[in-house]
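Q: Hey, can you walk me through this one? I'm new to reading these.

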Amino acid sequence: MINKFLSNIGKLLIIQVLFIGAGTIQVHCQEEIGGVINHYAKVNSIGSGFVMVSPAQASQFNTGDYVLLIQMQGVGIQTAQGFYGVVAQSLIGAPGEYEFLQLLSVNTATGEIRFTRNVYLNSYDISGNVQLISVPFYNEPVVTSTLSAQPWNGNTGTGGVLAIMAGSKLTLNADIDVTGRGFSGAAGVSGIGECVYTNVAANSLDSYDISWNNAGLKGEGVAVHDHLGNLLNPGHEKGQGRNFTGGGGGNGRFSGGGGGSNRGKGADGGLENALQCSTDPRDGGYGGMNIFGSIIQGGIFLGGGAGASTQAGSATASAGGSGGGIVFIIADSIDANNHIIRANGVTASNSISDAGAGGGGGGGSVALSFMGFKSSLRISADGGNGGISPGGSGEDGGGGGGLIWLRTSST
């Protein structure tokens, strides 16, 4: 895993030196930056030295730009009852792989974007949502208002990533924060609130079709396909099973949603309403799986979204928390000024009345390469807490921790 990060960042640093030496790139000097500075495009097809995007999205890029090519998802999971999301994972393309490139040409009429070299990795698969992201290069950028990323959008397959390069010092006069910019947490939905024990065979399944009315929705994660390559939704949209890093939904009478995950596992959701199901209250949605130790442990990912639960009548089931985003920073040095780089998962709200609470989003990922830093550089990629269900057994599933990776000569 570490060698892979070193390799990819190393490629970028070599390119960075070449760019500076060539003197052909536009460098922004002492820019004040904040908000969202990246542009995003969904890759529709990919070749050895080019990608195709929509013409409208191609117009965001220019010849000479630095870009990040990254596959966001692409794990096929087992969907059999009792093994849902746990075993028989299969890779679809190269989930979590990424590389930095420079643009040779941009054709806004056709959407063809060519690179100055071939891509190093030939196994990207667009069904795993590959995106192209602009990477601004500054000389001495100063963050004057919160720097963030466009939220991940599963429908468009874009967003969630902040990437920046600084030829000299990056100064933080405000935070860098991609909390909740990762995979989406599930929304709370209406349900009949039937306790699992009243019909265990029907009410305790790992997955249900979207039409089932006694289980919550699952959170979004790195898996959107089964191990045969079929889309999980809508046939597996609800139920306690996790979508690898996406937390499972609460079954039965308002059990809690499972927490999302990343490097660390998400916690399981809390029990069903103990007052109504006291004969045999069941656990809520399962927490997302650990990426560490899995077949995709070498990649870098958004935090998984948490699962949610159901609600009765005018009650309110809180949504599962969204996961944290991804931060890439390559700089000569970082002056943090006691500010923080944050990629946390979102903490879920408490549910209201006869309803279950959502789990906490998984922590995102922060990858930094720099020569030195000062002024207490702080980094956080924590999972969010689950919400509390009034009639349940306490806090529902918390999110698992994310990834913090540093390459620096000062440590």
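Q: Let's start with Ser353: what is its relative accessible area?

A: Ser353 comes out at 46%, so it counts as partly exposed. The cut-offs go like this: buried is under 20% relative accessible area, exposed is over 50%, and partly exposed is in between, using a 1.4 Å probe and protein chains only.

Q: Before we go on, how should I read this model and its numbering?

A: This is a predicted model, so local features need pLDDT of at least 70 and side-chain atom pairs count only at pLDDT 80 or more, while totals for chains, interfaces and linings use all residues. Residues are numbered from 1 along each chain as its sequence is written, and side-chain values use heavy atoms, with hydrogens and water left out.

Q: Ok, back to Ser353. Where is it in the chain?

A: Ser353 is in the loop between β19 (340-342) and β20 (365-370). Those labels come from DSSP runs, numbered from the N terminus: helices are H or I runs of at least four residues, and strands are E runs of at least two. Ser353 also has a positive phi, near 65°, in a residue other than glycine.

Q: What about Phe244, what is its phi?

A: Phi of Phe244 is near 60°, again positive in a residue other than glycine. Phe244 lies in the loop between β16 and β17.

Q: And is Phe244 buried or exposed?

A: Phe244 counts as buried because its relative accessibility is 0%.

Q: Which peptide bond is cis?

A: The one from Asn233 to Pro234, with omega near 10°. Pro234 is found in the loop between β16 and β17 (310-311).

Q: Switching topic: how many residues are in the largest nonpolar core?

A: There are 60, and Phe244 is among those with the most contacts inside it, along with Leu68, Ile70, Phe328, Ile329 and Ile341. The largest share of this core, 8 residues, comes from β13. A core here is a set of buried Ala, Val, Leu, Ile, Met, Phe, Trp, Tyr and Cys residues joined through side-chain atoms within 4.5 Å.

Q: Why would nonpolar side chains be buried together?

A: In soluble globular proteins, that's how nonpolar side chains tend to be.

Q: What does Ile329 touch?

A: Not counting residues up to four places away in sequence, Ile329 touches Ile164, Leu170, Ile176, Ile334, Ile341, Ala367, Leu368 and Ser369. Touching, or contact, means heavy atoms within 4.5 Å.

Q: You mentioned β13. How many of its residues are buried?

A: In β13 (residues 161-172), 9 of the 12 residues are buried, so the strand is mostly covered.

Q: And which strand is joined to β13 by 9 bridges?

A: That's β18 (residues 326-335), and the two run parallel. Leu162 stands opposite Val327 in β18, for example. Strands count as a pair if DSSP finds at least two bridges between them.

Q: In what sense does β12 pair with β13?

A: Strand β12 (residues 142-148) pairs with β13 in the parallel sense, over 2 bridges. Val142 has Thr171 as its bridge partner in β13. Strand β11 (residues 137-138) also pairs with β13 in the parallel sense over 2 bridges, and Tyr138 stands opposite Ala166 there.

Q: Now Asn38. Where is it?

A: Asn38 is in the loop between β1 (32-36) and β2 (40-42). With a relative accessible area of 4%, Asn38 is buried.

Q: Which backbone oxygens lie by the side chain of Asn38?

A: The one of Ser134 lies 2.7 Å from a polar atom of that side chain, and the one of Ala163 lies 2.8 Å from a polar atom of it. A polar contact is a pair of N or O atoms within 3.5 Å; within protein, one must be able to donate a hydrogen and the other to accept it, and residues adjacent in sequence count only if both atoms are side-chain atoms.

Q: Last one: where is Gly160 found?

A: Gly160 is in the loop between β12 and β13, and at 0% relative accessibility it counts as buried. Gly160 and Gln150 are 10 residues apart in sequence and 5.7 Å apart in space, C-alpha to C-alpha. Leaving aside neighbours within four places in sequence, the contacts of Gly160 include Tyr40, Trp152, Arg181 and Leu302.
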